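Morning, everyone. Please have a look at the sequence and the model on the screen. Then I'll walk through it.

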Amino acid sequence: MGSEVWVGTWRPHRPRGPIAALYRGPGPKYKLPPNTGYILHDPSRPRAPAFTFGSRLPLQHTSCGPGPSYLVPARMTVRGTDGAPAFSIYGRLSHTEPFLTPGPGRYFPERAGNATYPSAPRHTIASRNWGILSKQQTPGPGSYTVPSLLGPRVIGKVSAPTYSIYGRSAVGSCFEDLSKTPGPCAYHVVNPGVYKTRAPQFTMLARTSVPQDSAQKPGPATYSVDEVVWSSGSRGRG
């Protein structure tokens with residue numbers, strides 16, 4: 001190729017450093033958050049409301065009305081029962097008996113007294129009413145217990161240290177009865193196998209008998225040698 005093809009002083013040469021255009025990159029394979037949907041939506045973009053298509057939910061309240069299945073009597077109309085009046089023969093009820101109302105001669109207006117005519121106030125001297133003499137349920141002043149101001153359990157006060165005076169204890173003193181102290185024989189000797197390595201232990205028992213058959217077997221005198229019959233066709237003796 002002649003020199004007239006190249007313009008200027010540039011000529012093909014090895015690059016002095018890495019050029020990004022000469023290498024293969026991942027391209028558009030990197031994953032960006034989507035702008036559609038509800039899950040993994042791009043936080044930098046507004047998200048529209050999402051709805052789902054589901055099945056119809058069951059009704060929470062069922063109708064308790066009988067509907068058109070109830071039976072209306074044929075004699076019932078919008079104005080009441082249609083038909084001739086019907087009567088029944090029963091005994092007289094107790095509340096239908098005649099009431100004995102007092103007549104005019106049973107009243108005595110002249111005895112009304114202060115109820116109908118004005119009169120001066122009159123008072124009587126009688127004993128005190130029984131309701132006042134009844135036992136009072138309200139506790140008196142002696143029923144309340146005032147907390148003590150002495151001792152360590154004073155409410156709302158800081159109590160000083162308290163001490164109690166008891167008799168001298170006989171334990172550890174010269175008055176202690178040492179004869180009641182358990183001696184060496186009162187303690188049991190501890191088995192060394194409890195706190196040391198325990199050696200194997202064996203027991204010596206009598207020799208166990210060999211299991212034998214209790215069936216009665218014939219002895220030598222039971223067999224009769226002279227009664228043995230030998231034949232050429234037999235393979236043994238019987």
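I'll take confidence, then fold, surface and a few side chains.

Ground rules. This is a predicted model, where local features need pLDDT of at least 70, side-chain atom pairs count only at pLDDT 80 or more, and totals for chains, interfaces and linings use all residues. Residues are numbered from 1 along each chain as its sequence is written, and side-chain values use heavy atoms, with hydrogens and water left out.

Confidence. pLDDT is the predictor's confidence in each residue, from 0 to 100. The protein averages 77, and 83% of its residues reach 70 or more. Helix α1, residues 130–133, has the lowest confidence, with a mean of 58. Helix α2, residues 192–195, has the highest, at 86.

Secondary structure. We have 2 helices and 2 strands. Their order along the sequence is β-β-α-α. These are DSSP runs, numbered from the N terminus: helices are H or I with at least four residues, strands are E with at least two.

Leu-22 lies in the segment before β1 (76–77). Its relative accessible area is 60%, so Leu-22 is exposed. Leu-40 is also in the segment before β1. Its relative accessibility is 62%, so Leu-40 counts as exposed. Phi of Leu-40 is positive, near 55°. Most residues other than glycine have a negative phi.

Rings. Arg-47 lies over the face of Tyr-38, 4.3 Å from the ring centre. Arg-111 places its charged end over the ring of Phe-108, 4.3 Å from the centre. The criterion: NZ of Lys or CZ of Arg within 6 Å of the ring centre and within 35 degrees of the ring normal.

Definitions and conventions: Buried < 20%, exposed > 50% of the residue type's maximum accessible area, 1.4 Å probe, protein only.
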